[in-house]
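Here is a short briefing to read alongside your model. Take a look at the structure, then work through the notes below.

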Amino acid sequence: MEIKYLLKGIIIGFSIAAPVGPIGLLCIKRTLAHGPMAGLATGLGAATADACYGFVAGFGLTFITGLLLNMKTEFHIIGGIFLVFLGCQTLKKKNADLNSRNHEFKGYYLSYVSTLFLTLTNPMTIMAFMGIFAGLGIGTENNGYTQAATLVAGVFSGSALWWVTLSAGTALLKRHLSLNFQNKINSLTGIILIIFGLWAILSI
């Protein structure tokens with residue numbers, strides 16, 4: 001019975017992670033600059049945040065939900081500023097930087113934590129999980145907690161599957177991209193990250 005919820009969770013997690021956004025761009029950027037493991041560490045930070053929000057929604061932790069939603073303005077500002085900062089840092093990179101995985105690389109742990117933090121600054125994600133879980137009838141009764149835990153595990157697995165796919169695919173594509181073209185992707189990524197950040201702040 002639980003295997004059904006695990007599969008549903010995998011589909012949900014993959015579907016939520018797959019749309020290209022600032023986290024996807026960061027994954028691509030870090031994979032090009034530092035290798036697939038850096039991109040994967042970035043994605044797993046997002047997957048962990050998705051699982052956390054799924055856990056809160058699935059287990060009906062309404063006090064946490066209310067707190068997060070009440071602070072959504074502050075989260076938008078913090079997340080927006082962080083995205084603008086990352087975008088500016090990206091634009092400062094030189095062509096030679098993209099050919100060295102270790103240049104100014106802060107490590108996989110920081111890649112993971114920074115993306116976890118960035119994803120957690122989007123509390124509206126929890127609304128998506130609340131709607132999905134409510135539609136599935138999960139977390140509303142005590143006997144739904146096992147299903148909720150299984151579904152959350154599936155969400156993390158599905159999200160992680162997407163990030164493995166994206167980082168590995170980007171690493172394979174890198175072999176066929178010139179350094180000049182990689183630099184153009186890097187610059188475009190920086191500009192888009194800044195736009196995402198400004199949009200997050202101005203949409204308050």
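Helices (H or I, at least four residues) and strands (E, at least two) are DSSP runs, numbered from the N terminus. This is a predicted model, in which local features need pLDDT of at least 70, side-chain atom pairs count only at pLDDT 80 or more, and totals for chains, interfaces and linings use all residues. Residues are numbered from 1 along each chain as its sequence is written, and side-chain values use heavy atoms, with hydrogens and water left out.

**The fold**
- You will find nine helices and zero strands in the chain.
- Of its 204 residues, 47% count as buried, meaning under 20% relative accessible area with a 1.4 Å probe, protein chains only.

**A look at T115**
- Helix α6 (residues 108-120) holds T115, which is buried at a relative accessible area of 0%.
- The T115 side chain makes a polar contact with the side chain of R30 at 3.2 Å (a pair of N or O atoms within 3.5 Å; within protein, one must be able to donate a hydrogen and the other to accept it, and residues adjacent in sequence count only if both atoms are side-chain atoms).
- Beyond neighbours within four places in sequence, T115 is in contact (heavy atoms within 4.5 Å) with I23, R30, T42, G45 and A46.

- Among contacts between residues at least 6 apart in sequence, 89% join residues at least 24 apart.

Methods:
Buried means under 20% relative accessible area, exposed over 50%, partly exposed in between (1.4 Å probe, protein chains only).
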